[in-house]
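Open the model in your viewer and keep the selection tool at hand. The tour goes from one selection to the next.

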Amino acid sequence: MLPFVRIGPLLLQLPGLVLLAGIWIGTNVVEKQASRLSLNAAAVLNMIMAGLFGGLLGARLLYALEHINAYVAAPLSLFALSATAMDAWGGLLVCLAAAYLYGRAKSLPLRLTLDALAPGLVVFMIAIGLASLLSGGGYGSPLRAPWAIQLWGDYRHPTQIYEMLLAVGVFLIWKFTSMGTDAPGRSFWRVLALLAAARIFTEAFHGDSAVLPGGFRLAQVAGLLVLGAAMYMDRRWAPPEPASPGAPSRPRRATPARRPVKAQAKRTIPSRSKPPRTLPK
Amino acid sequence: MAPPRQKTPSRLHALRSFIAQPPSPVLVMTFVLAVAWVALTRVPASAVPAAAAPPGPRQGFAAPDFTLETLDGSQLTLSALRGHPVMLNLWASWCLPCRVEMPAIERVYQRHREDGLVVIGLNVTAQDSEAAARAFAQEFGLSFPIVLDRDGAASARYELMGLPSTYFIDRQGIIREVIIGGPMSEAVMLSHVQDLLQEP
């Protein structure tokens, strides 16, 4: 654990710096993937920035609304640099909404854009694991084993390291397999499903789980919902099965036919382990 | 005569066709395993509650206890304040952010002292001096108790990493928020204090 480094009068918060580095590396990976998918990389990066700034602004404004008495008494505090004065879930929703609206305004194709974002999401999850390790957050339950780490007065599961390793594994699967490259959008849902499965697994070793009635861990239940949704969307966005000769014709799925992104559903996505090539227009 | 309109698959039709297709066995197995894992790894009812857990300077842990002498010579024990929300601020007179945030801490204390809020200013005297701490308290007109950590033992129990450090402790003695570094804005202090005051 190394949450702070003092440099003269400055107290540098290392977890925050790691998260910033994660965003920077993640956006670089997204930029490369966007170029590979023949997307407007600049527009994708601007979309990420719109999401981040919108999310930060939304998180602070929602927090201020929830504590309106405090902010009426000291309105200038609205601009204070404080990571604790944020509504995290509200900020996430505003972030997603801002990014979605920006993407729509710039006519970014939803499915390919999601595919471009997938590796950035994994890189950010690795950064979250490292930031948690530095801050001592997301700590594990007590453990007596050689790989236990000493934290908060006990030997504990190194849950932050488990999470980092699994996220690295998801990145390697994304990078070196053709997972989800048969149709636009599937790569994103599969990456999301793997990340959700990883979280469901590691949460069992956490010592700081929020617990629901019945002893269920909140993060695992949320992970199950994400996993189910990602599996559903992955199947829904699957390419249509080729009709066998003589077989009765079956109506195709509604989504590719209904959406204006019909053309992109027919594209093939270049394999990530091979050099990029131009997609057919 | 207009050509007959081609019928497009409706949303309902798409859903029916989706359900009709058999799901991939791998996906079904993954989901079933995930559900089983969630059920198997539930937190048992016998799990140690936070209040009974060993103390630690971390959100969700019991606040490490201390008994220290105040500037006016009396003794103050943290655990004796159970039933009151406590804002514990670790500071030193040479620390610039501490100087910046201290007037706001005093205002928050004045605003909520009648509601039961207790503010403790823990001077890290091992890295400061008693005379400097006294002069500091007089300069800012601090009315809440200032305790002196002469040997640094209390700061060590809080694993002091930077000044100022502020701990918001609930009525049960559990740390609910930790803010390392500063200066904290007045609204941030007020929001955390008001959250604590609203709890039974």
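Where in chain A is the place of A:His67? Select A:His67 in this predicted model: the residue lies in the loop between α2 (41–66) and α3 (68–73) of chain A. Is A:His67 buried or exposed? Its relative accessible area is 8%, and A:His67 counts as buried because that value is under 20%. Now show what surrounds this residue. Leaving aside residues up to four places away in sequence, A:His67 touches B:Ser191 and B:Asp195.

Next, turn to the aromatic rings. Over all chains there are 15 aromatic pairs. Select A:Tyr139 and B:Phe61, whose ring centres are 5.3 Å apart. Their planes stand at 50 degrees, so the pair is tilted. This pair crosses between chains: A:Tyr139 is in the loop between α5 (110–135) and β3 (149–151) of chain A, and B:Phe61 is in the loop between α2 (25–40) and β1 (67–70) of chain B. Both A:Tyr139 and B:Phe61 are buried.

Now select A:Trp189 and A:Trp237, an edge-to-face pair with 5.8 Å from centre to centre and 70 degrees between the planes. A:Trp189 belongs to helix α7 (residues 186–203) of chain A, while A:Trp237 is in the loop between α8 (218–236) and α9 (254–258) of chain A, 48 residues apart. Both A:Trp189 and A:Trp237 are buried.

The charged end of A:Arg111 sits over the ring of A:Trp237, 4.3 Å from its centre. For another such arrangement, select B:Arg42 and A:Phe216: the charged end of B:Arg42 sits over the ring of A:Phe216, 5.2 Å from its centre.

Last, select A:Tyr162, A:Phe201, A:Phe205 and B:Trp37, which form one aromatic cluster.

Terms used:
Residues numbered from 1 in each chain as written. Chains lettered and ligands numbered in written order. Predicted model: local features only at pLDDT ≥ 70, side-chain atom pairs only at ≥ 80, totals over all residues. Heavy atoms only, no water. Helix = DSSP H or I, 4+ residues; strand = E, 2+ residues; numbered from the N terminus. Buried < 20%, exposed > 50% of the residue type's maximum accessible area, 1.4 Å probe, protein only. Contact = heavy atoms within 4.5 Å. Phe/Tyr/Trp six-rings, centres within 6.5 Å; stacked < 30°, edge-to-face > 60°. Lys NZ or Arg CZ within 6 Å of the ring centre and 35° of its normal.
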